[in-house]
Amino acid sequence: MTRRKFQLHDGKKGAALAVRVTPRASKTKIAEVLEDGTVKVHLAAPPVDDEANQELLKFMANVLGVPRTRLDIVAGATGRDKLIAVLDMDADTAHKRILAYLE
């Protein structure tokens, strides 16, 4: 029996954004950035059939200036508190782009 040789490698790299969503808002927008860095987002979409998650990813891709394919909800897909991975962008750049969007 031959043994498989495993090699360690780096995974995908990027930033992680903590987001708290409020669905069924009158307008999709960033409401505020909390002291702990959590981004509060109001979404016009209802939390039905993944509509709110898809709108959130599309909106955040626009805010961050990246293709939608670079974003993924890695935790909290069914709750209000989510963790979004942003590939190929460091946390400082993501934070600056969010603040620039708010101005």
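In the predicted model described here, five strands form an open sheet of mixed pairing, in the order E2-E3-E1-E5-E4, where two strands count as paired if DSSP finds at least two bridges between them. Strand E2 (29-33) and strand E4 (71-75) are the edge strands, each of which pairs on one side only. Averaged over the sheet and with direction ignored, neighbouring strands are turned by 35 degrees against each other; such angles run from 0 to 180 degrees between N-to-C directions, and the axes are lines fitted to C-alpha atoms, for helices over the stretch in contact. Strands of a sheet pair through backbone hydrogen bonds, either parallel or antiparallel.

The model is predicted, and local features therefore need pLDDT of at least 70, side-chain atom pairs count only at pLDDT 80 or more, and totals for chains, interfaces and linings use all residues. Residues are numbered from 1 along each chain as its sequence is written, and side-chain values use heavy atoms, with hydrogens and water left out.

The protein chain contains two helices and five strands, which follow one another along the sequence in the pattern β-β-β-α-β-β-α; helices (H or I, at least four residues) and strands (E, at least two) are DSSP runs, numbered from the N terminus. Of the 103 residues in the protein chain, 30% are buried, where buried means under 20% relative accessible area, exposed means over 50%, and partly exposed lies in between (1.4 Å probe, protein chains only).

E4 and E5 form a hairpin with five residues between them, and Gly 76 in the turn has a positive phi of about 80 degrees. Positive phi values are also found at two residues that are not glycine: Arg 24, with phi near 60 degrees, lies in the loop between E1 and E2, and Asp 88, with phi of about 60 degrees, lies in the loop between E5 and H2. Arg 24 is exposed, with a relative accessible area of 59%, and Asp 88 likewise counts as exposed, at 60% relative accessibility.

Helix H2 (residues 91-102) lies across E1, E2 and E3 and runs at about 115 degrees to E2. The axes of H1 and H2 come within 8 Å and cross at roughly 95 degrees, which makes H1 roughly perpendicular to H2, given that angles under 35 degrees count as roughly parallel, over 145 as roughly antiparallel, 65 to 115 as roughly perpendicular and the rest as oblique. In this packing, Phe 59, Met 60, Val 63 and Leu 64 of H1 meet Ala 94, Arg 97, Ile 98 and Tyr 101 of H2, contact being defined as heavy atoms within 4.5 Å.

Leu 17 is found in strand E1 (residues 14-22) and counts as buried because its relative accessibility is 9%. Apart from its neighbours within four places in sequence, Leu 17 is in contact with Met 60, Leu 64, Lys 82, Leu 83, Ile 84, Val 86, Ala 94 and Ile 98. The C-alpha atoms of Leu 17 and Val 74 are separated by 10.0 Å, although these residues are 57 residues apart along the chain.
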